[in-house]
Amino acid sequence: MTGAWAREPFVEPMQDLSRPWGVYPWPVELLSVVGNLGLVALGLAAGVSLIARFRRSSGRVRLQLKWLSLAGFAAALYPVACGIEIAITGRTDIVAGFLGAVALVALPVSVAVAMLRHDLYDVDRVLADTISYVVVVVVLVATYTVMALALGLMLGRDSAPAAAGATALCALLLAPLRTRLRRTVDHRLFPPRRAALQAIEDLQSRVHTRGAQPEELESVLRTALRDPQLRVGMLVPGTSGFVDASGLPVPDHGLVPVTLGGVQIGVLSGSETTGPGVLRVVASACASLIEVTRLRAELAGALREVEASRTRLIQVGDAERRRLERDLHDGAQQRLVSLGMALRLAQRRLPQGGVDVDELLDQGVAELATAIAELRAIAHGLRPTSLDDGLHAALSALTGKLPIPVHLDVVPDPLDDDVATTAYFVAAEAITNAAKYADASAINVRVAQSSTCVEVKVQDDGVGGAAPRTGSGLAGLADRVAAIGGSLVMTSPVGTGTTIEAVLPCGS
Amino acid sequence: MRIVIGEDSALFREGLASLLVDAGHDIVGRAPDAETLLDVVTETQPDLAIIDVRMPPDLTDDGARAARRIRQTDPGVAIVLLSQHVETKHSVELVSSGGFGYLLKDRVLDVDEFLDALNRVAAGGSALDPEVVGRLLGQPTTPAALTLASARCSG
């Protein structure tokens, strides 16, 4: 409205139009002054109230206020930009116009974001970046202006060297200024983020120098971010979902992923007060610590498994020895003692006559033959001697006596003794189980060799649904296979038969 | 002498029975497991029971446990435990009470010595296998130790 009383001509192309009213009347002049002062006072009051509320607030409200302050910042920047542009070019032009438009758009947008989606974007980052960029621009423009003026005075107006010198100085200032400013702004504005980053750095150095445990990360972050609900979860092989350093599962909600080299290795989760933005920054800063923790957990798990497997192997070995001792005492040894007794009896009866020496010797030899057969069976249980003729021969000897047809497809090449023995026991146990429990009509055995491994696959068409029990022959086999660095897998869906597959590494 | 044999291996049981019959003893009962043995001993009240340490039902030390029961219920029955292997667990406690012997099964092949040991035990003496004595003394069973052990057992 005050424009109607203005004395200057309109801007082009309306310079020829005349103003409808002449000089300001004094009430309009007064109104204009009061209005402008009121506007400034309102702006200041809004800023003070924003700061006061921000200080009192926490959590969600604080995040919302940060968004609002972002818009307020853009609005406050507008007159500053105008002033700078007027100082340099003598009038407001494209920069001030652009900033004005940005401020106009930013105000409703940031209010909307604050009301609706304050969790979605990283407000801390946006604020920090805005502030540090603005300060950088202001400093650069001021430097350029002062330098250009000073050099212009010395070297003459519109001097090319003056402009070049000022530009070079600004370019020199730009990079270090930005980094330092960014750090300062971060430090001033976002203590939790700073505290967390500092704590991570601190833990890293303590791990390096004083033997601190990387597993302390969770408690360190909890202290730094003052968030007792903060959780650090990792992906560890052999567990489902995310687990913390002590192996407890981390609940699967409100998680910020932790990635290293593009692969997710863990998650962070916190209470509402710790925004996802802070967590994202923390996540990227502590990725290497989490990776170390994860690898350590993986290693510890592998060691535990090796220890358990070794214990099982010893137990299996002990049980086997006990069985062997019993077989020897109750079998062959007993027979030999009986045979000795029979001979002694014959010896004592001979002088009295009436002893059928022929029959007695027959009985004795039969007893001896049984003892020999038992000894052979025991020795065979230790290591099948038929393996000397190759795996195929040994498996043929085993399967020849079974009532179920067994199709053997066994690699003809000689295998290492370790591998051949393990392959034999895997196949033998699988075949025996199939024959005993699977109600199968046919069994397929395939032993194939590649350059790095031997694969043993035993497949039946029986009832399936087999599950390895602790202490069963199959569990013992898995340990035996693991002991030579191989792996054993059983698949046994109900109704479609059982497949047992072992992969045994071999040198050749 | 009236004897009961507790032994699960039929072959050994019958062979032993023949030996003992030839030596002029009466076999008044045969038992293939520990429970039958207890019944047979209670029923026949023999002078001597020859018992295998390892017998059904558990095939661990059922025979030795049965021997301890017999010692409680029928202290008048002399006992000789036979074992396939040396152990000291079952022998020491019972041997101090007299009328008890503990021998490896192979000793049966030295028929005369075996029969001697049976007579000695039936008369209230003891018989402890030299191998067991050697184990108890913590020494390897040298011939000297064996002689000593035999002397102690006989004494």
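The following questions and answers explain terms applied to a predicted model.

Local features in this predicted model need pLDDT of at least 70, side-chain atom pairs count only at pLDDT 80 or more, and totals for chains, interfaces and linings use all residues. Residues are numbered from 1 along each chain as its sequence is written, while chains are lettered from A and ligands numbered from 1 in the order in which they are written.

Q: Why are α2(B) and α3(B) called roughly parallel?
A: The axes of α2 (residues 34–44) and α3 (residues 62–73) of chain B cross at roughly 25° and come within 9 Å. Angles under 35 degrees count as roughly parallel, and therefore α2(B) and α3(B) are described in this way.

Q: What makes up the contact of α2(B) with α3(B), by residue class?
A: Residues are in contact if their C-beta atoms, placed from the backbone, lie within 7 Å. Among those that meet are Leu37(B) and Val41(B) in α2(B), and Ala66(B) and Ile70(B) in α3(B). The residues of this contact divide into 6 nonpolar, 3 polar and 3 charged; Ala, Val, Leu, Ile, Met, Phe, Trp, Tyr, Cys and Pro count as nonpolar, Asp, Glu, Lys and Arg as charged, and the others, Gly among them, as polar.

Q: Why does Asp227(A) count as buried?
A: A residue is buried if 20 or more other C-beta atoms lie within 10 Å of its own, exposed if 12 or fewer, and partly exposed in between. Asp227(A) has 20 C-beta neighbours inside 10 Å and therefore counts as buried. Asp227(A) is found in the loop between α7 (217–225) and β1 (231–235) of chain A.

Methods: Axes fitted to C-alpha atoms, helices over the stretch in contact; angles between N-to-C directions. Helix = DSSP H or I, 4+ residues; strand = E, 2+ residues; numbered from the N terminus. Parallel < 35°, antiparallel > 145°, perpendicular 65-115°, else oblique. Contact = placed C-beta atoms within 7 Å.
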